[in-house]
Amino acid sequence: MASECCVSVTKYFLFLFNLVFFLLGSLLLSSGLWMLLSDTSEIKTFIDPFRPYISISLLSYLLIISGSVTMSLGFFGCLGSLKTVKFLLAIYFILLTVLLAAQIVGGVLFYTMKTEVSQACRSAVPPCLLLSFFYTQIHHA
């Protein structure tokens, strides 16, 4: 009796968390499509501080890809947990494993190339922006 209750609670928590992932993925996907398909003047005020560092089309494609992956991950998780379909749960866990492996590879690459990344950040970020960031951190502490 108690184990059935635990399985049921786990099933619905898995559904709720994956529903949140699905909704956040749809938000990312819709904002990427909005940036790609709308007029550039509307977006200019939205992402004006980041324009020197990344183009609007690249940012929109990154949002579309990450939103699609997040939505599919949430969809497979929701459907697999509600219907307890082993195939969908297997796809869900394979996608989670791939994302975990990608994060580990990204972390290792970031750690091994830390000096190049810090030099690129120093050359890309204007000194006045760094000074204003440290000024606000000191006065809010």
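This is a predicted model: local features need pLDDT of at least 70, side-chain atom pairs count only at pLDDT 80 or more; totals for chains, interfaces and linings use all residues.

Trainee: How many helices and strands does the protein chain have?

Mentor: Six helices and zero strands. Both are DSSP runs numbered from the N terminus: helices are H or I with at least four residues, strands are E with at least two.

Trainee: And what percentage of the residues count as buried?

Mentor: Of the 141 residues, 15% are buried. Buried means under 20% relative accessible area, exposed means over 50%, and partly exposed is in between, with a 1.4 Å probe and protein chains only.

Trainee: What are the buried residues of helix 3?

Mentor: Among them are Ile-56, Leu-63, Met-71 and Cys-78. The glycines Gly-67, Gly-74, Gly-77 and Gly-80 are buried there too.

Trainee: What should helix 3 span, and what is its end-to-end distance?

Mentor: Helix 3 covers residues 56-83, and its 28 residues should span 40 Å at 1.5 Å a residue. The end C-alpha atoms are 40 Å apart, which agrees. The expected span is 1.5 Å times one less than the number of residues.

Trainee: What comes just after helix 3?

Mentor: Thr-84, with a positive phi of about 45°.

Trainee: Switching topic. How many aromatic pairs are there?

Mentor: Three. Rings of Phe, Tyr and Trp (its six-membered ring) pair if their centres lie within 6.5 Å; planes under 30 degrees apart are stacked, over 60 edge-to-face, the rest tilted. Phe-13 and Phe-17 are stacked, 6.2 Å centre to centre with 20° between the planes.

Trainee: Why are Phe-13 and Phe-17 separated by about one helical turn?

Mentor: Because they are four residues apart in helix 1. An α-helix has 3.6 residues a turn, so residues three or four places apart point the same way.

Trainee: Is Phe-17 buried or exposed?

Mentor: Phe-17 is exposed, because its relative accessibility is 53%. Phe-13 is partly exposed at 47%.

Trainee: Which type of pair do Tyr-92 and Phe-93 make?

Mentor: Edge-to-face, because the planes are at 65°, with the ring centres 5.2 Å apart. Tyr-92 is buried at 6%, whereas Phe-93 is partly exposed at 46%.

Conventions:
Residues are numbered from 1 along each chain as its sequence is written. Side-chain values use heavy atoms; hydrogens and water are left out.
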